[in-house]
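Please open the model in a viewer and keep the sequence panel beside it.

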Amino acid sequence: MPVFEYKGLISGNRSTRGMVDADSVRAAQVKLRAQGIYPTHLAESRTRSAVSEALSRLKLPVRRVPGLDLSLFTNQLSTLIGAGIPLVESLSALTEQIENGQLKAVIGRVRESVNHGSTLADAMAEHPQVFNELYRAMVRAGESAGALELVLTRLSKYIEGQMELRNKVISAMMYPLIMMGMSLVVMGVLLVKVIPTIAGLLD
């Protein structure tokens, strides 16, 4: 499907720019206006179209995205939505900023799905390796209630809290493991060095 680069105006007479997938210029205009964007310039981007087509055929490896990256993305998306930036444009902006390759590719696909009419929760449901059931359920509830910004903010804090709890548990487990390791070292020294020496003296 062709990809069009656009410049336009959103609420408050603010300028914006981005990309949109559509079958034609007319379809692109209709899609943008449905998102509250009034295009002043619209042109097909052949390079972007080729990249989009390649990404659609690419199978992503299943691996876990670090919680810190997911929390940062969630918080940034909440901020952009709270600033009145349309969802597709917000996802496009974040796709450009994300450094984690796995998350970058996933958000790119989420943006494509949303741009084709999916809800954010449905688009995220295609990537359960990144967005778990709780995450998707909260996003769906936020979309239904018109409180997506608030839900995303709470999700970001929840993820951070889970990371802190995990780190505390790991730290609590490390101390006894270290002590056990030191005890084994001491016992090894006793068995290999001290006891044979004492036994030799007694002989």
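Begin by selecting Ser-78, which is found in helix H3; helices (H or I, at least four residues) and strands (E, at least two) are DSSP runs, numbered from the N terminus. The model is a predicted one, in which local features need pLDDT of at least 70, side-chain atom pairs count only at pLDDT 80 or more, and totals for chains, interfaces and linings use all residues. Residues are numbered from 1 along each chain as its sequence is written, and side-chain values use heavy atoms, with hydrogens and water left out.

Is Ser-78 buried or exposed? Ser-78 is buried because its relative accessible area is 2%, where buried means under 20%, exposed over 50% and partly exposed in between (1.4 Å probe, protein chains only). Display its surroundings next: leaving out residues up to four places away in sequence, Ser-78 touches Glu-149, Leu-152 and Thr-153, a contact being heavy atoms within 4.5 Å.

Now select Phe-73, Val-110, Leu-120, Phe-131, Tyr-135 and Val-139, the residues with the most contacts inside the largest nonpolar core, which has 27 residues. Such a core is a set of buried Ala, Val, Leu, Ile, Met, Phe, Trp, Tyr and Cys residues joined through side-chain atoms within 4.5 Å. At least two residues of this core come from each of H3, helix H4 (87-97), helix H5 (101-115), helix H6 (120-125), H7 and H8. Another core, of nine residues, lies apart from it and includes Phe-4, Ala-28, Leu-32 and Ile-37.

Centre the view on Leu-120. Its contacts, leaving aside neighbours within four places in sequence, are Leu-77, Leu-87, Leu-91, Val-110, Val-114, Val-139, Glu-143 and Leu-148.

Turn next to Arg-64, Gly-67, Leu-70, Asn-132 and Ile-159, which lie nearest the centre of the largest pocket among its 18 lining residues. On a 1 Å grid over the protein atoms alone, a pocket is an open set of points where a 1.4 Å probe fits, with protein on both sides within 12 Å along at least five of seven lines; lining residues have an atom within 4 Å of a point. Helix H3 (67-82), helix H7 (133-145) and helix H8 (148-202) each supply at least two lining residues, and H8 gives the most, with seven.

Finally, show the whole chain as a cartoon. It contains eight helices and three strands, in the order β-β-α-β-α-α-α-α-α-α-α along the sequence. Of its 203 residues, 31% are buried.
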